[in-house]
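Please look over the model shown here before reading the notes. They cover packing, surface and charged pairs.

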Amino acid sequence: TACDVGTGTGILAIQAGLLGFRHIDANDIDPEARRVSRENVELNKSNLVTIVDADVSALVGTYDCVIANIIDGVLVKIQKDLQRIVKPGGYLILTGILAERENLFREEFSPIGFSEIERRSLGEWVGLLWQKT
C-alpha cells in the first residue's frame, strides 16, 4: 500500500500503481489539486488510486510507503502525521527539500524511529528515503 501526501496532479500516485503497489491513497488540501488528480487518475485508468478528501492529519491506517513531494517547511509541519501513517518496516520518501535548506530541515524534522536508507540530489533539490524501524 502507498500514500501520496500532497498529491498535486496525482502523478506520483499513478506511478506507484505502475511500480506494483496494489492500493494507493492520495490526498491534497487543495480542492483544485484533487480535481486535477481525479482527472489524471481517470485518464491513466489508474483504478488502484483513490483520491482522499482529507488532510493528512485525518488519514487513518498505515501504509507500506508514504511519499511526500512537498516543500521542506511544510514537511516539517506535518512530520508527526507522516511518521504516524508509515507501517513498521515501511518507507517514507521525502522530496521537495531545497539543498540549501537541507541542514535546517534535518534540524527541524526529527525522524525518530526511522533510519536513513538513501539520499539523492538533483540540482537544487534533495530527496530522502527512510525506513521505519
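1. Basis. This is a predicted model, in which local features need pLDDT of at least 70 and side-chain atom pairs count only at pLDDT 80 or more, while totals for chains, interfaces and linings use all residues. Residues are numbered from 1 along each chain as its sequence is written, and side-chain values use heavy atoms, with hydrogens and water left out.

2. Main core. The largest nonpolar core has 25 residues, and Val5, Leu82 and Leu94 touch the most other members. A nonpolar core here is a set of buried Ala, Val, Leu, Ile, Met, Phe, Trp, Tyr and Cys residues joined through side-chain atoms within 4.5 Å. Buried means under 20% relative accessible area, exposed over 50%, and partly exposed in between (1.4 Å probe, protein chains only). At least two residues of this core come from each of β1 (2-5), β4 (63-69), α3 (72-77), β5 (86-98) and β7 (125-132). β5 gives the largest share, four residues. Helices (H or I, at least four residues) and strands (E, at least two) are DSSP runs, numbered from the N terminus.

3. Val5 and the second core. Apart from neighbours within four places in sequence, the contacts of Val5 include Asn27, Val56, Val66, Ile67, Ile78, Leu82 and Ile85; contact means heavy atoms within 4.5 Å. A separate second core has 11 residues, among them Ala13, Ala16, Val41 and Cys65.

4. Surface patch. Ile71, Val74 and Trp125 make up a nonpolar surface patch with about 240 Å² of accessible area together. Patch members have over 30% relative accessible area and no salt bridge; like charges are joined within 9 Å and nonpolar side chains (Val, Leu, Ile, Met, Phe, Trp, Tyr) within 5 Å. Areas are from the Shrake-Rupley method with a 1.4 Å probe, and for residues only the protein chains shown count as cover. Trp125 lies in strand β7 and is partly exposed, at a relative accessible area of 37%.

5. Arg35 and Glu32 are three residues apart in helix α2 (residues 31-43), about one turn of the helix. Arg35 and Glu39 are four residues apart in helix α2, so about one helical turn separates them. Relative accessibility is 41% for Arg35, which counts as partly exposed; Glu32, at 43%, is partly exposed, and Glu39, at 40%, is partly exposed.

6. Arg120 and Glu118. These two form a salt bridge with the closest N and O atoms 2.5 Å apart. Arg120 is exposed at 59% relative accessible area, whereas Glu118 is partly exposed at 31%.

7. Is Glu102 buried or exposed? At 8% relative accessibility, Glu102 counts as buried. Glu102 lies in helix α5 (residues 102-108), and a salt-bridge network links Glu102, Arg106, Glu116 and Arg119. The side chains of Glu102 and Arg119 are joined by a polar contact of 2.8 Å (a pair of N or O atoms within 3.5 Å; within protein, one must be able to donate a hydrogen and the other to accept it, and residues adjacent in sequence count only if both atoms are side-chain atoms). Beyond neighbours within four places in sequence, Glu102 is in contact with Ile97, Arg119, Val126 and Leu128.

Technical notes. Salt bridge = Lys/Arg side-chain N within 4 Å of Asp/Glu carboxyl O.
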